[in-house]
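Please look at the sequence and structure first, then read the points below by topic.

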Amino acid sequence: MTKSFLTRRRGQSLVELALALPVVLILGLLTADVGRAYFYREGVADATRQALRSAVLQPQQATGDTACAGGGSTASLSTTLPPLAGDTLATIGNQAALESTFTGTPAGSSINGATMTVTWHCAANKAITRATATSTDPGNTGSDAIEVQIVYSMPLITPFLANFVSSPITIKADVQARVQY
């Protein structure tokens with residue numbers, strides 16, 4: 001083989017690499033974004049269920065009463081995860097944050113910065129309990145249902161993907177249950 005043939009062949013390989021490399025990198029980043037979205041979706045769903053498990057317990061009746069003190073048929077309290085010390089929703093929020101932690105502490109939550117909202121149905125400025133409920137339908141404001149919603153914003157790592165989908169991507173979970181008191 002001649003030297004010019006080998007030089008042309010190396011040049012051709014460089015051109016092929018230059019054309020294929022951006023496509024392969026974009027596909028890799030896109031795959032990473034999809035994997036991250038599933039990871040955070042599971043973290044948000046698990047944290048929401050854990051927050052609801054904590055919110056429906058009798059020790060949280062006082063938190064519901066605090067939320068309902070302003071009047072109205074429903075009342076909501078919101079906090080970021082993990083909540084600050086002294087926050088009204090600290091117990092519920094810490095339980096939610098612990099569900100997706102990698103350090104064993106609420107501050108190690110993979111969904112740090114997510115917003116958690118807990119909604120109670122109210123009557124006479126108190127959270128409705130099983131004893132005061134007038135309905136078992138969670139959609140009825142006379143029921144003793146509690147709703148927990150967690151919303152997390154996931155930033156994208158794929159540079160141009162934001163042109164096709166909203167960035168950051170909002171991952172949300174919403175669950176309801178009746179109180180256990």
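Val23 lies in helix H1, which covers residues 3-55; helices (H or I, at least four residues) and strands (E, at least two) are DSSP runs, numbered from the N terminus. This is a predicted model, in which local features need pLDDT of at least 70 and side-chain atom pairs count only at pLDDT 80 or more, while totals for chains, interfaces and linings use all residues. Residues are numbered from 1 along each chain as its sequence is written, and side-chain values use heavy atoms, with hydrogens and water left out.

**Surface patch**

- Val23 belongs to a nonpolar surface patch together with Leu27, Leu30, Val34 and Tyr38, and the accessible area of the patch is about 460 Å².
- Patches are made of residues with over 30% relative accessible area and no salt bridge, joining like charges within 9 Å and nonpolar side chains (Val, Leu, Ile, Met, Phe, Trp, Tyr) within 5 Å.
- Accessible areas come from the Shrake-Rupley method with a 1.4 Å probe, and for residues only the protein chains shown count as cover.

**Aromatic pairs**

- The count comes to 2 aromatic pairs, where rings of Phe, Tyr and Trp (its six-membered ring) pair if their centres lie within 6.5 Å, and planes under 30 degrees apart count as stacked, over 60 as edge-to-face and the rest as tilted.
- Phe39 and Tyr40 form an edge-to-face pair, with 5.2 Å from centre to centre and 70° between the planes.
- The rings of Tyr40 and Tyr152 are tilted, because their planes are at 35° and their centres 4.9 Å apart.
- Tyr40 is in helix H1 and Tyr152 in strand E4, so this pair ties together parts that are 112 residues apart in sequence.
- Tyr40 is buried at 15% relative accessible area, Tyr152 is buried at 9%, and Phe39 is partly exposed at 49%; buried means under 20% relative accessible area, exposed over 50%, and partly exposed in between (1.4 Å probe, protein chains only).
- Phe39, Tyr40 and Tyr152 make up one aromatic cluster.

**Salt bridges**

- The whole structure has 5 salt bridges, each a side-chain nitrogen of Lys or Arg within 4 Å of a carboxyl oxygen of Asp or Glu.
- Asp33 and Arg36 form one of them, with their closest N and O atoms 2.9 Å apart; both residues lie in helix H1, 3 residues apart, about one turn of the helix.
- Asp33 is buried at 3% relative accessibility, whereas Arg36 is partly exposed at 22%.
- Arg49 and Asp46 form another, with the closest N and O atoms 2.4 Å apart, and they too lie in helix H1, 3 residues apart.
- Asp144 forms a salt bridge with Arg130 at 3.8 Å between the closest N and O atoms, and a network of salt bridges links Arg130, Asp144 and Arg178.

**Surroundings of Asp144**

- Asp144 is in the loop between E3 and strand E4 (145-154) and is buried, with a relative accessible area of 1%.
- The side chains of Asp144 and Arg178 make a polar contact at 2.8 Å.

**Backbone features**

- The peptide bond from Leu81 to Pro82 is cis, with omega near -10°, and Pro82 is in the loop between strand E1 (74-80) and helix H3 (90-99).
- Ala124, although not a glycine, has a positive phi of about 55°, and Asn125 has a positive phi near 60°.
- Asn125 is found in the loop between E2 and E3.

Key
A polar contact is a pair of N or O atoms within 3.5 Å; within protein, one must be able to donate a hydrogen and the other to accept it, and residues adjacent in sequence count only if both atoms are side-chain atoms.
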